[in-house]
Amino acid sequence: MGKTDSFRALLLNIAQELTSSNFDDMKFACDGEIPDGVLERLARPIDLFSELEHRDLLTETNKDFLAELLLHIGRQELARKLLGMNEKACKLKRSCSMLHGTLPGKVPHFLGRALLCEEVIAHLHKGHDRLVTITGPPGYGKSSVAISVGHEMMEQYDYHVYYISTRGASSVDSVAFQLLYSMGIVSGEDPISQAHHYFEASHQDTLLVLDNVEDMLVPELKPSFLKFIKLTGEMAPHIKMIVTSRVALKFISFKMKNVPLPALTKTEAAQLIRIFSPQEISNSHAETLGHLCKGIPLLIRAVASLLETNVDPELLIKEFERSPGTTLRSFGLAGMPPESDMYPCLKICFERLSPELQRHLVALSIFPSSFKIADTSCVLRDMSDLQRQLIITQLVDNSFVRPDTEGRSFYAVHRIVQVFCKELLKESKELKEFYQNASNHFNLYFLTILHDLNEKFYGSGEELKTVMIAFECKKNNFFCALESSIREKKLAKYAADLLNSSFKFFTIRLSSNEFCRLYQSLLEVFKNSEDKKRYSHCLVSIAFHQFWVMCSCHRPCPKATKMFKEAYEMQKKLGFTKTEQYAECLSKLARAYAFDGSLADSVTMVDEANTIVQEIGCSNLSKMSVLNDYAAVYSYHKHHETAIKLRERFLPTAKEHMTDHPSVGTLYEELGSSYEALGNAEKSMDCRKEAIRIYEGFLGDHKFTATSYLGLGTTLKSQGKYEEALEVLRKALEIQRRTIGPHVETVITSQEIEKVLGILGRKNEAEEAARFSQKLMDDQKRIEKAMEDLKI
């Protein structure tokens, strides 16, 4: 075969330097080129070389196949020796199969990232960006997005795509070597220059995917790595790059884009749980676990792996809720893959921050949801807004904080980072004290804002709209501050006074669960204390909410009546008879007693309530509340004309001083009820339409809005306008299902729909509505029993 002595000597020399493990790996890599039976008979590396020669896979002029085998087993120095130092830039034949550095296969069940992939492709292929960095905390699926984009660029746009993971790389030389190797180029002594030379000379559209570059961003490697990326971006017009990292990269000498990954949505997370879970899992369990996993794909896969071992989903949920941090750390145990253990990954990232930036992150983790730069003044103290902006920008670049709006007016700490920070407090006494101090400032700051908003709640028009918007923007932060303050001795009384003076505001702005959670906690704090005044005020707040939200429309509520009575007797005994809360007790008790009691006694009580609110100068809102109860007393005794006169007498004042206030909507709703009782359908519908207009303008989808739709629908039905009634009733039911769920009013609405469908002769739909009504009643009874068992 014309072999020279020097070539034979070279092969012998290389064979002597190969270990037995190397030899085994090389034989394994030859599977497909050499039959198994032949491979088994080969005892030494030199025998393998002879077999390659026999099959024309190795000659003095064609060393590519053997060189690639040597590269595959990690013996780059032997590959260089085989090819000769003067051949260090020699390109291997493209026909040779790539044994290393190829793009990994597409990720199965790739949910919730399609739009992000399209965005990355648009920047790289359709736009003029040379580099896209995909950033996010551990487990968010950065690699999956990069790999998916790589496949799309290769399949749809004919790019050559080369992928390397830099995890564990110890130098930029090793990164350049991997890139050259992935492209089938044998590296020489200076792989960095060699790579840049090749990139600059290339005329083929090429995408480089550099995955997991965090290890290259440590202080000793970062400058040289950024220089390598910078020169590639500047010198190579046909080279596009994707870099995945927990830390954002920034260059100004060429166009680039950073694409931060969000967590999966609630729906996407639940769907992924169901896909990965090997056991049957209910929608409720899937949604709860998806939420507890914070929408993080890696955590979802870890949970699915636990479910694969027949772990009870209910037990897993309870453990997650009891201690999310401990559950997070447990994913590194019991056979779980090391990469599922997110806590060490987060800790490494955290420790790479400066001590000062670490403390700032811990302070910001107090915010339960989004925040504005100005709001951070309560935890990032004694600095300017510009300094705060720079701090948050650094934390965004390190994937601990994310922009929460397109224009970056709001930010939020990643939810998994919040869990991690809570775990850190268990390990560091210093951080725990720092966090507690920041938390106190946070609570006081938001309680003060809430106090100011409450004062404006009694306004109207644009001022009231501004209050509503301001509250919704910071609702979670307010709730967190209130809940935390209730547990703090120094702030508990301040929180109680604020909550009890704002109970009407919170009745319409908080969900029932949120309201009960706050006020029940408050009630427990003062129940066994000497402070009976605040305890009685808590009773009034809870009773008011029970009366208006938890109970059915236009009927007295036994639970609310019981609480009002307890508060009334306690305040009377203590001598607090000239307060807004005392007047509220009197008027609501009068309304309750009027339903099946004496009109005269009820009128006496509500007269006293009305006198109190006039004497102590209560707001128009309190005066209207008492007047509405006054009118209800007469309505219960079928004196509807009197009830209408009372309410209409107050309307001019309400329109002038409380334009479109939700409480004015309540006035119109109850007017509509009285007109309906008198048989004046037109007036009733006009009043309810006005109530709906006010409610939708300020409350949107709310229990009150649905109540007016229900009233309007029943009136339309009584007028024989069945199609219109059906449309309005379905609107009411839609709102109720979203807001109050199984509830007396929801049942009533469903039953009314059933009746209308029956009248219209739509038998199948009516039967379906009947089944739904029955299910609602069953669910309502089950919930009521559960609440009784819990003594709620």
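## Report on a predicted model

Asp660 is partly exposed, with a relative accessible area of 23%. The model in which this residue sits is a predicted one. Asp660 belongs to the loop that lies between α32 (640–657) and α33 (662–677). Although Asp660 is not a glycine, its phi is positive, at about 55°.

Asp56 is another residue other than glycine with a positive phi, in this case near 60°. Its loop is the one between α4 (45–54) and α5 (64–72). Asp56 has a relative accessible area of 54% and is therefore exposed. As background, most residues other than glycine have a negative phi.

### The sheet

An open sheet is formed by 5 strands in the order β2-β3-β4-β1-β5, with parallel pairing. β2 (160–165) and β5 are at the edges and have a single partner strand each, so one side of each is left without a neighbour in the sheet. On average, and with direction ignored, neighbouring strands of this sheet are turned by 15° against each other.

Strand β4 (residues 239–245) runs parallel to β1 and is joined to it by 5 bridges. Leu131 has Met241 as its bridge partner in β4. Strand β5 (residues 256–260) also pairs with β1 in the parallel sense, over 5 bridges. In β5, Met256 stands opposite Leu131, and Lys257 stands opposite Val132.

Two helices can be described together with the sheet. Helix α11 (residues 222–235) lies across β1, β3 and β4, and runs at about 150° to β4. Helix α7 (residues 114–126) packs on the sheet and touches β1, β3 (206–211), β4 and β5. The direction of α7 makes about 175° with that of β5.

### Two helix pairs

Two packed helices are described by the angle between their axes and the distance between the axes. The table gives these values for two pairs.

| Helix pair | Angle between axes | Distance between axes |
|---|---|---|
| α29 (residues 580–596) and α31 (residues 620–636) | roughly 15° | within 8 Å |
| α24 (residues 489–501) and α26 (residues 512–527) | about 130° | 11 Å |

The axes of α29 and α31 cross at roughly 15°, which makes α29 roughly parallel to α31. The crossing of α29 past α31 is left-handed. On the side of α29, the contact is made by Glu580, Glu584, Ser587, Lys588, Ala590, Arg591, Ala594 and Phe595. On the side of α31, the contact residues are Ser622, Ser625, Val626, Asn628, Asp629, Ala632, Val633 and Tyr636. By class, the residues of this contact of α29 with α31 are 7 nonpolar, 4 polar and 5 charged.

The angle of about 130° belongs to α24 and α26, and the two helices are therefore oblique to each other. α24 passes α26 in a crossing that is left-handed. α24 contributes Ala492, Lys493, Ala496, Leu499 and Asn500 to the contact, and α26 contributes Leu518, Tyr519, Leu522 and Phe526. The contact of α24 with α26 consists of 7 nonpolar, 1 polar and 1 charged residues.

### Two buried alanines

Ala492, one of the residues in the contact of α24 with α26, lies in α24. Its relative accessibility is 8%, so Ala492 counts as buried. Apart from neighbours within four places in sequence, Ala492 is in contact with Ser485, Ile486, Leu522 and Phe526. From C-alpha to C-alpha, Ala492 and Gln387 are 33 Å apart in space, and they are 105 residues apart in sequence.

Ala176 is part of helix α9 (residues 172–182). With a relative accessibility of 0%, Ala176 counts as buried. When residues up to four places away in sequence are not counted, Ala176 touches Pro191, Ile192, Ala195 and Phe228. Ala176 and His196 are 20 residues apart in sequence, and their C-alpha atoms are 8.9 Å apart in space.

Note on methods. Residues are numbered from 1 along each chain as its sequence is written. This is a predicted model: local features need pLDDT of at least 70, side-chain atom pairs count only at pLDDT 80 or more; totals for chains, interfaces and linings use all residues. Side-chain values use heavy atoms; hydrogens and water are left out. Two strands pair if DSSP finds at least two bridges between them. Helices (H or I, at least four residues) and strands (E, at least two) are DSSP runs, numbered from the N terminus. Axes are lines fitted to C-alpha atoms, for helices over the stretch in contact, and angles run from 0 to 180 degrees between N-to-C directions. Angles under 35 degrees count as roughly parallel, over 145 as roughly antiparallel, 65 to 115 as roughly perpendicular and the rest as oblique. A crossing is left-handed if the near helix is turned anticlockwise from the far one by less than a right angle, and right-handed if clockwise. Contact means heavy atoms within 4.5 Å. Ala, Val, Leu, Ile, Met, Phe, Trp, Tyr, Cys and Pro count as nonpolar, Asp, Glu, Lys and Arg as charged, and the others, Gly among them, as polar. Buried means under 20% relative accessible area, exposed over 50%, partly exposed in between (1.4 Å probe, protein chains only).
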